[in-house]
Amino acid sequence: MLEHVEQLVPVTALAFCSDDVIISGEGQYVRAYDARTRELLASITVFDNTAVHGLIVDEHQGSTIVAWGGSLIREISLIQDEGASHAFKAFALRTTTDWILDGALSSSSDETSVRTLAMVTAHNALVVVSLEDLSHLEDAKGPSKILPIVPGSNCILYTAHIHWLSSSQCLVASGTAFGDVIVWSTVLSDKHDGTFAATTQIHYTFSAHEGSVFGVQLSSTIAPQSNPEVRGLLATCSDDRTVRIWDISDLAAEDPTLLGPQRETGFGSKATMEEHAPRCLAKAMGHISRIWHVRFTGFDPADRLQITSFGEDASTITWILKSSGSAVYDLEQTNVQRAHAGKHIWSVATAEDGRIATGGADGAIAIYNSAAIMAPPTELSEPLLGSWKSADKFKAYGFISESTIACTTEQGKVVAIDLQHDDSSRINELSSCMPNLRGYSLVTTLPGYAWLAGASGGIYMYAHEHERLFQVCTSTQKTAGLFVDYLDFSKARNEFGLLVTSVGSTTTRLLKLVPHMQSSINLVPTAQLERSLKLDPGFVVTSYTLTRLGGRNSAVLGSRDGRIAIYGIDTASEMAGTAQTSLLVLLDVHAKEAVTSLLWDSAGLTRDLTGFLHSTGRDGKHAIHRITLAEDTLQTDLVHQLSLPFGPNIEHISLRKDKTFMIWGFRSKHFVAYDVHAQREVMVVECGGAHRNFAFQPSEGGGIFVWTKASNLYRQSQNQALFGLLRSGGHGREIKSVAISSTPSQIIATGAEDTNIKLWQYNDYTGLRCSQTLRKHNTGIQHLQWACGDHYLFSSGGFEEFFVWRITADVAGIGIGVVCESSHPRSGTSDLRIMSFDVQHATVVEGREPETFAISMVYSDSTLQLWRYMTTDRSWKLCASGDYLTACLTQATSLGKTSNPFLTASMDGHITLWSQAEHDGDTVAWTQRHRVHQNAILSLMKTPTLADGSVLVLTGGDDNALGISRVTPSGRVRTLLVPRAHAAAVTGLGFVGTDAEGVSGSGKWRVVSASVDQRVKVWDVDVDWQREGVEGVDVRLVGDVHTAVADVSGLETMGLRDGGLGVLVVGVGMDVLRVG
């Protein structure tokens, strides 16, 4: 009845199976991915109702994998056939007596010897079984239990790590809930009857942290080079946010305070004797919250030991163990990466080649290459200026090739700096001191060319191919801005449009530069035509680009106050000696902040009559206008305007060769380069922040960033991404609401506790793919609803936040365009939550009346408000309001044109009918309360109207029940309650099939319910409307399946690509199920 199709849930286990294959645990599934192509190779359900918590891969037989979750264990095998396709094979399911924390296979010198699996449980017991005993087919009698050979103690562990010292001896480090660490070892002997005997020794028991220990890691036989006496190390991490390194070289030491592995722990009941604790070599704090994992990850190029920690803050921090003298060490932070959204890195795997894989609560799998850690910035001023440095400094600069910048100096020199990939640089002086470039200069560049200007005098151009610097025009005023773009949009003929602005001038000069024969045979662009553009009052140019529509050229200028002006620059349309006025001015595109960059994208559209104008601004947003030439008139439509995840100082946007966009700017003290399509940061450099000279040359793996800091010039290069995403993730927190548009494109909107709204698209080939992230809410999302197909999306949250989003589904380059068209006039004015709302679209009459939406909202203070929103002028009007009792209202829906047009549900378990408002400003009152559930109603849906005008209202309650209430046009309500429909609160309801026979007498619905108990159930509801009340309602359970989504908050029905019906379940993750 229900079949899992696709899911995006927290990744709770990871392991490297080979150089090219990574194994992951996602819910109850184990999946194999190709690390190079990101292709899913194989998938298998390992446990029915338990998530996979750990994976072990046999190093000698990479196809053998052991998975565990809770107290369950299963061996699986990854098989590759002759056609290179992969498949999993599962063996017997086994169980043990307690929750398993860690497991490891014994070391072996050959592939034929029997491997032994050792596992530590939550009470510090040791379970040992041979790998051969696990390799049995499933027993029909059920899973057999494996008993521990080392009994558990009274302590409660949060973490453990096993390291085999030999084929018969293993070393264990256990971290307790109360900050203690126990280091102990066991020598195993085979009894020849399939069981093992154990001799146990405790080496250290000590208080390691001021909080619970969440991660421990025993080193292999590695040692800091400066002190060969340190032969064994232990790394620990905790919710005290520290990483600590301990010397456990002396395994002959034995803790005399305990006779056996019985260790009672608790805050305030620490052991008084700590003289047998190992020496703490170093400790450091770097994460802003709890640390879940710590790993030894090899050595850096200086042969210093690297340690990597992984935290609740979703960051990965790399440390080096640095010797500060004899037997003195420090942990020095060398790198911080954030590949996951929101909170929690739940799983980690390391490979021998230095790769690190992490799995997050957002469902993403990231792969780090420790060799790709960004080197420290290189200072260019000292080695390049040499003896000049005391008298001269680099001033303005820009890239003229992938690794060369043209630069002016404080004294007016012009130089070219070649930035080699080996972090060495070479300077080439192009001119001696030029008086008009001294003290003040501007540089703008395009590949192969640079233009320079100063306080007065000429404007110069440098052609890098010919290494020529010459003057292209003169200027009598101080140049305020210098901008350039291609006149030839194919970029093949080197024709440029150079825009020059002067201080205090109300006009700007546009110079057409085309190739022309000079004194030598070299063809270089020189000024051929000049025109003047008149600026509106207060218009200070900050950005510029050229466009072409219908064969007509236009210049687009961005201003310091958020305006964008468009000028026609065709020769035939310009009067000689007259400054050209703007054809069109767009106001407040970036509020009142500067428009920092403009980019024209014709997007390959036919007839050249439509294009997209991209802009970025210091309001932290990326905006797109669709510009169309219709009947010789420019028509503009804002189709996209969203805040970026960094900023607010967004500086530039560029179009890459693969037709995707990269945007860069500053966040706090960091420079950030951001991939718009992948929605991820590709390069982050700590540079001191915005308000400085800088230049950036993007590349596929990052780029070269050059900046000025404290009058010195620095360079940072990155030629490969510091991490790659094997699988992209979603929300970093629990999803609280979901809505799916009714159009064939089926845009999925999800809102979560991370305050973000994400728009997804789903198909059977690419699965769930996030197209846009909407960042405007300041609190968790409460409710989402689509209107007018996929043209409008409405969202609500706390602080009375309510936003109207206008959606455009065909924006070139980004797919889905989003604009926040309006916000509720009371947004952010109180701490009330808009718990739910219902939107009804009022149809436009003959195209003359304004398009309106009638919106009914329910609040956490037990009030109902009815609003009217008009899209033409974006105005709001309060039509009516009413008060319930003292219970928070949780759901709202419209019943249509009846005497009781509104129905609400509340925390007291009642559904309530409300009266009609006759006039604007009226007070509406509830007319009837009907008790359905014992407490809060958490989900609600209604059927289409039955033949007698009644409707069925289905509700899910916090009492675990499913309610079916029949509401007649007169307002009479009768309820059929299905108690214990789930084992926990019912938080999602949806229709997956209807067969309403209308007047003939019956209606049939197939209903899906989802609950916090992680079960999704299918019910058949048959209704004979001719019978009184709910006497004719019959309910049958026809399907029941487990979902890996925890804290289920809702579900929506959807269509699948093959025409089938599906259900999307959301909570901590997303799960798509097919309904048979």
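1. A hairpin of two residues links strand E30 to strand E31, where strands are DSSP runs of E with at least two residues, numbered from the N terminus. E30 covers residues 394-401 and is joined to E31 by five bridges in an antiparallel arrangement; two strands count as paired if DSSP finds at least two bridges between them. Within this pairing, Ser 401 lies opposite Thr 404 of E31.

2. This is a predicted model, in which local features need pLDDT of at least 70 and side-chain atom pairs count only at pLDDT 80 or more, while totals for chains, interfaces and linings use all residues. Residues are numbered from 1 along each chain as its sequence is written, and side-chain values use heavy atoms, with hydrogens and water left out.

3. On its other pairing, E31 is joined to strand E32 (residues 414-419) by five bridges, and these two strands also run antiparallel. Cys 407 has Val 415 of E32 as its bridge partner. Four residues lie between E31 and E32 in their hairpin, and Gly 412 in the turn has a positive phi of about 95°.

4. Is E31, at residues 404-409, mostly covered or mostly uncovered? Six of its six residues are buried, that is, under 20% relative accessible area with a 1.4 Å probe and protein chains only. Thr 404, Ala 406 and Thr 408 point one way from the strand, whereas Ile 405, Cys 407 and Thr 409 point the other way, and all are buried.

5. The largest nonpolar core has 22 residues, and those with the most contacts inside it include Ile 23, Val 52, Leu 55 and Phe 88. Such a core is a set of buried Ala, Val, Leu, Ile, Met, Phe, Trp, Tyr and Cys residues joined through side-chain atoms within 4.5 Å. Among the strands that each supply at least two residues of this core are E2 (11-16), E3 (21-26) and E9 (86-96). Leu 55 touches, among others, Ala 13, Ile 23, Val 30, Ile 65 and Trp 68, residues up to four places away in sequence not being counted; a contact means heavy atoms within 4.5 Å.

6. Elsewhere, four strands form an open sheet in the order E18-E19-E20-E21, with antiparallel pairing. Its edge strands are E18 (213-218) and E21 (279-285), each of which pairs on one side only. Five bridges join E18 to E19 (residues 233-238), and Val 216 stands opposite Thr 236 in E19.

7. For the chain as a whole, 57% of the 1076 residues count as buried.

Methods:
Buried < 20%, exposed > 50% of the residue type's maximum accessible area, 1.4 Å probe, protein only.
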